Amino acid sequence: MSIPFLQFLVGVLFLTLVFNHLTKKNFLSVVAFSVQSFVVTLVFLHSFLETGNIYIFFMVVFTFIVKVILAPMFFVRLINRYHLPFSVSTYLSMPITLIVIAVLTFMAHSQKFVPLTNIVPPHQIILSLALASIFVSLFLIVNRKEALSQIISILSLENSIVVFAIFAGLEQSPSLQIGIIFNIFVWIMIATVFVSMIYKHFGSGDVTSMNNLKD
Amino acid sequence: MIESIVSQSGFFFLITLFVMGAFGSLFFHRNDTCANVWSSFFAISGSFFGVLFSSLTLLGGQELFFTFGKTPFFILAFSLHIDMLSSFFIFVISLIGLFCSIYGFGYVKHFYGKYSIGALGFLYNILLGSLLLVVTSSNALFFLIAWELMSISSYFLVVYDRNDPKNVKAGSLYLIMTYVGTAFIILAFLLAYKYTASFDFAVLKASAHLIPSSVKDLIFIFAMIGFGTKAGIIPFHIWLPAAHPAAPSHVSAIMSGVMIKTGIYMIIRLFLDVLQPIPLWWGEAVLIIGAVSSLLGVLYAMTEHDIKRLLAYHSIENIGIILLGIGSAMTFYTLGMPTLALLGLIAGLFHTLNHALFKSLLFLGAGSVIDQMHTKNMEEYGGLIKYMPVTAFTFLVGSMAISALPPLNGFFSEWLTYQALFQGINQLSFSLQWIFILATASLAFTGGLALTCFVKAFSAIFLARPRSVEVMHTKESSIPMQISMAVLASLTFIVGFFSSFLTHMFEKIGQSFTIFQTTSSFVSVSSDQHLQSASGFSFVSAPGLFLLFGIVLLCVFLGTRLLRYRKQKIACGNTWDCGTTLSPRMEITATGFARSIVLIFKNVLKPSIQQDVEYHDAESRYIPKSRAVTMRVENMYDIYFYRPLQKMIDGISLKSKVIQGGNVNVYISYIFLALIVALFIVL
Amino acid sequence: MLNLFLKIFRTKNVVLSLQKEDFAHLDMNEVGEKIAENVKQLFGGSLAIRQVDGGSDNACEQELVALSNSIYDVERFGIHFVASPRHADMLLVTGPVTRNMAKAVKSAYDATPDPKIVVALGDDALDGGIFKDSYAIVGGVDAVIPVNYHIPGNPPTPKVILCSLLSLLETEKHRSIKS
Amino acid sequence: MTLFMWILQALFIPVVSPLCIGVIKKVKAHLQNRQGASIFQPYRDLWKLFHKDEVISKDASWIFLFAPFIVFAVTVIIGLCIPLFSSFGQSSFFGDMLVIIYTLALATFFLALAGIDVGSAFGGFGSSREMTLSALAEGGFIFSLLTLSLIAGTTNVFGIASHASFLSGQYLIPVLLAFVGFFIVLLAETARFPFDNPATHLELTMIHEAMILEYSGKRLALMEWASSNKLVIFFALGANLFFPVGLASDMHIGALFLGMLLLLCKLLGFSLVIALIESSMAKFRFFRLPDLLLASFIFNAVAIGLIH
C-alpha cells in the first residue's frame, strides 16, 4: 500500500472524529466509530502485508470482529433499549469546538512536535495527523456530556493511539495487540453494563446530573 | 561446631525460627494455650540462639557477607552484612527478646479469651525477626522493607488491646509519626542513591565522597528526622509516651528497650560509618539534641503519674544520653581526635546495652504491677511491697540502675559518657567547649532529676500504705514473670561487675569501624581489671567498688549488732503523725512528690493546677465535703508545633477542595492539559 | 551582718556577772551539776524530753521555753528537747487533757520507746486544775496515760521545774539501784 | 601498713564527726549568750540512743529497716575514698570524684525512700524537698569538683589534693569561684542553714529531720551519726581539695600526725563558719533555694570557663 493511500486512511480517521464532535444523533456517532474501526483494521492489514507475520492476520480478523461488528451492535442495542436517539449537546458551543479542534490540529502539526512526529521520516505527515486525532479524541471526551458518547470517544482515542503506534514503528509483538484488543472487548462489556445502570438509575445519561454524588 | 553456627546458615536458621514461631502460632490460633506455648517456645529458642550466634561472632570477631536468593530488580538485593556493630545489636535484641518472651509466656495468660493469642504470637515473632533483619541488612531497600515490617507489627501490637479507645488513638498517632519518619528516611536514601547510583551500604560508603556537601547536609537532616522519630528525640517524641504504654507489657519492654535502639543503630551506621567524612556541625547538632532530649525527657517524666508513660519518657532521656556519647564521638572524629571519638562511641554503645537491660526490667516490673492492679495510675497504688516482694525488689534494682547509682551497670556507662564530655571540655576551645559544658550540665541535672523521679515512682508504687482497696487482694506475679525479672536484675549486677571486660569488648567493636581501625581508646582496661584513662585522668574499678561496698556494709551491720544493748526490744507501733489518725489519704502521692520540681520548672512545663471542692450543701459553702487537686501539664509540643501544623494542612486541603469539581469531564480535561504540558516540556 | 557580730562580742556577758555567792543562782548551778550527774548515770549523759501539750493554757509552755534561755540554759546539764516522741526518753505532758487531745496524748505515749518516764507538768495536768470537772476535759493526764511524776505549780517557775527534775531523777536513780 | 592506713582513714570520720556537731552547737550557744551543752554531748546522745529500745511502725517495709545501715555504710565508704590527712593515692582505685558524688546520691536515695516508707505526711514532704534540692545541687557539685580536676589534670581526688600548686598564680580566681559554688552545695547537701534548720521542731519546715522523724533507738543513732559524718565529709572535701596545705605526702608517722592536726584545725574553722552563718541568717523560703543553687552552678560554670 502506498503512502498517499495510508494518508487517506488516517485522514478518514481524523474526519470521523470531527464528525463525532458535530453530530447530534447517537446512532450516527456509532456509525462513525465503526467506520473508524474499519480504517484501523485496514491499517493493520497494511502492516500485515508488509511484515507477513501470520499472527497479525489473526489480529486483523479479531479487531474487525470486535470493533467493527460487536461494539456498534452493543451500542445500537443500548440506544434502542433506552431509546435515546439524541446525544446531549456538548459543553462548548459549535463554533468554539471547531476553533479548539483547529488549534489542536495546528499544534499537532507544529514544529514543537517535530521530534515526535518524524520518528519514521516517510510517515511524518501521517504521524502528525494521527497525533492531531489523539488530541481531538481527548477533547471529544472532555466535550461530550453524555455517557455513551464519552465511551465512544474513549474507544476512538484508543484507535488513534494504535494508529499512531503502528505508524511510529512501535509495533513489536502481535501478542501485545491481541492483549489490547481483548481488554478493549472486556472494557466494552463493562462499560455497556455500567451505562445501562446509569440510565436506569438517573433516567438520562447526562453526566452533570451526577453532580449530587459529589457531597 | 562454632563455624556452623557463625555462618550464613546459622543466621538463616535464626530467622526461620522466628518465622516458624510466627506462622505456627497463626496455625494454632483456635486454641489459646497451644498458640501461646508454641509462639513463646519459638521466641525463646530464637532469642537464645540469637544470643549464642551474636556472642560467638563478637568473640570470634568475624564479619559475614551473604545474600539470600536473587531478586528480579537489580537495585534490591537481600544482602546482609553482619559486622561487629550489628552482631552487638543482635546480642542486645535477642538478650532482651529472651527475657521478654519468658515473661510474656506468663503475662499473656490474662489475655486468654479476650483476644486471639495466635495473632499476638504471630506479631511478636515477626517483630523480633524484623528487628534482627533491620540491624543486619546492608541494602537500603531491604532495610526499608524490614523497617516497615517492624513498624507495622509493632503498630498492631500497640493496638492489640483494642477495647480501650485510648490504645487505638495512640496506635494511629504512632502509625502517622512512624510513616512520617519513614518518608524522611526514604528521601534520605533516594538523595544518596541519586549521587551514588546504588542502594548498597558498602557501595554508598565507598562513594560517599561523590555526594556534594549541601546534599550531604540534607541527607543528615532527613536521616536525623527519620531515625530521630523512631528513637524518640525531643521534637518528634510525642508518639512514644502514647504508644509504649498501650502495648502489652512484654511488647512495650521490647519496644522501648530495643526497638528505639534501631534508630540509634542507623544513626551510628550512617554518620560514623557510611557517610564518613562528615562536617563539624553534625556532631554538635547530635550533641545538642542529646542534651535537650535527656533534660526535657526527665522533666516530663516528673509530671507523669501513669507508670508506663513515666518509663516511656525515661526512654527518651536515656536516648538523649546515648546521643551525647555518639555526638561527642562524631565531633571528636571531625576535629581529628580518633582516640576520644572511640571513647564517645564506647560510652554510647555501653549505655545502649545498659539501657536495654534496666528499661526492659522496669517495664516488666510495671507490667506485672498493672497486671495485678488493672490500672496504670500510680495514685491508686501504694504499699505493694508487702504484697509483691520480688517485683518490688527487682523494680528497686532497676530504678537504682537507671539512676546510675554506683555498684550497678548504669553508673559505669554514665561514667564513660562523663569522661568523654570532660575530655571535650578539657581539650577544646571556646565555642565547642561551651557546647560540651552545657552537655555535661544537662547530663548532671538529668542524673539528679532521674534519681528524684525514680524515688517518686518507686515510693508511689511500693511504699507506704495502700491508697486503694484494689491493692489488698493483689498477689505476687506468676513464676515465669518473676524468673525473667530476677535474671535481668542480676544481669545489671553482673554487667556492672564485668564493666571493664565489656569496655574492652566495646573497644574491639569500635575498632571494627573503618574510621577507628588503628586507634586505641582513651579509656583502656588496665591489668587488674579497672578502667584507666590514658593520661591517668581518671580511673574506677568495678570489682574494687563491689568489694568495698560489701565489706563496709558487713562491718557496719556487725558493728551495730555489737554496740547495741543486749536486751533491746523492738516494739511495733503505728506511725507517729503528731497525734492525728493517719488515713492513707494523708501520705504523699506521686503528684505531691513532683509538685516542687514542677513548680520550679514551671515556665518549661507550664503546669496548671486545678482545685475543685465539693461542699455538703452548695448554698452555704461552709463545710467542704471533698477537695481534689489535679495537676495537668500541657503538652507543649501539641500546642506550639503540631496543632499549628495541623491547622495549616487543613487550610491547604480546604482550599484545594475546589479542584474536586465533581464533574467527570472536568477531570478528563485536567488529564488532557497535563498531557499537553508534559509533551511541551519533554520535546 | 558584721555589726551583729561586733555587737555580740562587745557586750559583756552581763547576765552572769553576779558572783557565786548570790543565793538565787547558787543552788541553780549546784542543782544543775547534780542533774547533770544524775543524767549521766541514768541516761548516759543525754536526756531527751518531748513536750506534749494536752490542751494547756500555754502557761507551762512559757516556763519550759524559759528553761532553755541563757539564764537557766538546761542544755548544759545534758537535757535537750526533741521534735518527735520516737526520739524522746521523757514525756513532759502539760495542761488538762481535753476531749479531742486524749487520743493524741495516748498515741504520743505509744510512740515513745522504752525506757520512758511520763511527767505531768503543772496543777491542771494533775487533775484538771482550775478546769476540774468541766465537760471539755477528760481529767488529769493520769486519766489517759500512766504518769510517773508530777511537778506542782500553776505554772511552776523554771527553778521549781529544775529542782523537781533533780528530785525526780534522784528517786529514779534509787529505784534503778534497788531493781 | 596500708591496712593500718585504711582502718585509720575508715574510723577517723565517724570518730570526729560528733565532735564537729558539738563544736557547732557550742559556738551557736555562745553566740546566743548561753553556755550550751559540752562539745562531747553528741557522743553521749549517740551512746544513749544505741541503748534505747525501738518502736517501728507496722507500715514500714524492709527498706525502712535497712536504710540506716546503708546510709551509714556509704558515709564510711566515702570516708575511705577522700584525702583526709594523707594525699598519696593509697586507695588508688576509688578516689574518683564521680564515684563519690554518685555514692552520696545512693545514700540520699535510700534516705528518701525510708522517709516515705512509713507513710507519714511529714516524711513524704521531707523526702520530696530533699530530693528536689539534691537534684538541683548535683549540677553545682559535679562542676565544682570538675573545675579542680581540670586544673589538676585528674579526677582522682587524691591527685587533686596532691596537686597543691593552684592557690597561687593564674588559677586563683577559678578556684575561689569553685569554692563559693562548692560551699553553697555543702550547705544544701548537709541540710544546713539557709536550706534547712537542723534544730527546728516545726515539722512543716523540716527537710532532713522530717525523714528521720520515724526512727528511734539504734537506727536513729545511725541516721544522726551518718548525717554528721556527711557534714564532716563535705568539710574534709572542702578543706583538702581547695586548700590542700599540710597533707602528708608519705607514710611517715610524724607527717600523718601533722596532717591529722591540720585537718582538725580546718574542720574547726569550717564549723566556726557554719555556726556564724547559722546564727546570723534566717532560713530561706523553699522556692528561693533553686535560685541559690542555680547561682552556685553558674559560679562553677564560669570558673571552668576561666581556666583556660
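Of the 389 residues in the largest nonpolar core, those touching the most other members are B:Val92, B:Leu131, B:Ile461, C:Val93, D:Val71, D:Phe110 and D:Leu113. A nonpolar core here is a set of buried Ala, Val, Leu, Ile, Met, Phe, Trp, Tyr and Cys residues joined through C-beta atoms within 7 Å. Buried means 20 or more other C-beta atoms within 10 Å of the residue's own, exposed 12 or fewer, and partly exposed in between, with C-beta atoms placed from the backbone. Helix 14 (residues 338-373) of chain B gives the most to this core, 21 residues. Helices (H or I, at least four residues) and strands (E, at least two) are DSSP runs, numbered from the N terminus.

The model is predicted: local features need pLDDT of at least 70 and side-chain atom pairs pLDDT 80 or more, while totals for chains, interfaces and linings use all residues. Residues are numbered from 1 along each chain as its sequence is written, and chains are lettered from A and ligands numbered from 1 in the order in which they are written.

B:Ile461 is in contact with B:Ile307, B:Val369, B:Met378, B:Tyr381 and B:Leu384, leaving aside neighbours within four places in sequence. Contact means C-beta atoms, placed from the backbone, within 7 Å. A second, separate core has 36 residues, among them A:Val10, A:Phe14, A:Ile56 and A:Ile101.

**A helix pair in chain B**

Helix 4 (residues 84-107) and helix 11 (residues 249-274) of chain B pack with axes 9 Å apart, at an angle of about 170 degrees. The axes are lines fitted to C-alpha atoms over the stretch in contact, and angles run from 0 to 180 degrees between N-to-C directions. Helix 4 and helix 11 of chain B are therefore roughly antiparallel, a label for angles over 145 degrees. Helix 4 of chain B contributes residues including B:Phe89, B:Val92 and B:Ile96, and helix 11 of chain B residues including B:Ala253, B:Ile254 and B:Tyr265.

**Chain D**

Chain D has 11 helices and one strand. Its elements run α-α-β-α-α-α-α-α-α-α-α-α from the N terminus on.

| Property of chain D | Value |
|---|---|
| C-alpha box along the principal axes | roughly 55 × 45 × 45 Å |
| Buried, of 308 residues | 65% |

D:Trp47 is found in helix 2 (residues 41-50) of chain D. D:Trp47 has 16 C-beta neighbours inside 10 Å, so it counts as partly exposed.

Notes:
Parallel < 35°, antiparallel > 145°, perpendicular 65-115°, else oblique. Contact = placed C-beta atoms within 7 Å.
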